[in-house]
Amino acid sequence: MSLDDVTGALQQLAEVLQTQETLGGALAGIAEAATRSVPGCDAATIAISIEGRPATAAMTARAALELDMVQYDTNDGPCLTSFATASTIRLDLAEGDEPFPHFAPAARRRGVRGVLSVPATWGDELVATLNLYSRTRPFDERAVSVATVLAAQVAIAVSRSPEFAAARAVVDGAQRTAEDQADVDLASGLLMVTQACTAEQAEGLLREAAAHDEQTILQIARRIIQENKPSR
């Protein structure tokens, strides 16, 4: 495939993405584009990050999905390694030195000779991996270059989707809730020490102070923490 062919395929992909209204449709378009534009690619999957774990969200062939599932079941394979390290993993199944003892035999049984997993990152966060499978030959540097461009499109599609935004809001909200509760617990502990009271009495003091000052319990807790910081 020439550079003009690759450029044309990517332009077609851009047009497809503009018409997609769902994340699933956008990812399916990118996976299909990979089979057309990445040299040697016969099948592709895209695994997105769900609470830090990969889950296949798009595929072009059943065998590719099966190989993703093998990795999830055995915790072994290039996709999982790419997820864990946020690095590109290129696997030549003709080589004797085998880094994936569970995944490699399953891939060979399905006639796969080369595997390429490329991380899709948004800022500092890994949001997905693009996983490519070849039955003809191992992937070369040119394939890596094209796949990296497609992985960037995956990151954009995921980051702009309402589904991703909703999931991020849930995670951020849970994080804030945990941090808020930690501040309340710390303030209660400080009251137990300074006021020589029980945990229940400390909680009561926080509620009384909040009602008296017309503030939230969290605001009172943070004020207590600030007042009890050691002076330098």
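Which residue in the turn of the E4 and E5 hairpin has a positive phi? Keep that in mind while you get set up. You're looking at a predicted model, where local features need pLDDT of at least 70, side-chain atom pairs count only at pLDDT 80 or more, and totals for chains, interfaces and linings use all residues. Residues are numbered from 1 along each chain as its sequence is written, and side-chain values use heavy atoms, with hydrogens and water left out.

**Whole chain**

Start with a cartoon view: the protein chain has nine helices and five strands. These are DSSP runs numbered from the N terminus, with helices being H or I of at least four residues and strands E of at least two. Of the 232 residues, 40% are buried, where buried means under 20% relative accessible area, exposed over 50% and partly exposed in between, using a 1.4 Å probe and protein chains only.

**The hairpin**

Now select E4 and E5, and zoom in on the two residues between them. Gly123 is the one to click: its phi is positive, about 70°. Nine bridges hold E4 and E5 together in antiparallel fashion; two strands pair if DSSP finds at least two bridges between them. Along this pairing, Ala120 has Ala128 of E5 as its bridge partner, and Gly114 sits opposite Ser134 of E5.

**The rest of the sheet**

Nine of the ten residues of E5 are buried, so the strand is largely enclosed by the rest of the structure.

Show all five strands and you get an open, antiparallel sheet in the order E2-E1-E5-E4-E3. Its edges are E2 (53–59) and E3 (89–92), each pairing on one side only. Ignoring direction, neighbouring strands are turned by 20° against each other on average. Angles here run from 0 to 180 degrees between N-to-C directions, and axes are lines fitted to C-alpha atoms, for helices over the stretch in contact.

**Helices on the sheet**

Bring in H2, which packs on the sheet and touches E1, E2 and E5, its direction making about 145° with that of E1.

How do H2 and H6 meet? The axes of H2 (23–37) and H6 (141–160) come within 10 Å and cross at roughly 175°. The two helices are therefore roughly antiparallel, the term for angles over 145 degrees, while under 35 is roughly parallel, 65 to 115 roughly perpendicular and the rest oblique. Show side chains for the contact (heavy atoms within 4.5 Å): among them are Leu23, Ala26 and Ile30 of H2, and Val146, Leu150 and Gln153 of H6.

**The cores**

Next, select Leu27, Val38, Ile46, Leu132, Leu150 and Val154, the residues with the most contacts inside the largest nonpolar core, which has 31 residues. Such a core is a set of buried Ala, Val, Leu, Ile, Met, Phe, Trp, Tyr and Cys residues joined through side-chain atoms within 4.5 Å. H6 gives the most to this core, with ten residues. A second, separate core of 15 residues includes Val70, Leu91, Ala107 and Val115.

**Last stop: Ser188**

Finally, jump to H7 (162–194) and pick Ser188. Is Ser188 buried or exposed? Buried, with a relative accessible area of 8%. Leaving aside neighbours within four places in sequence, Ser188 contacts Ala202, Glu203 and Leu206.
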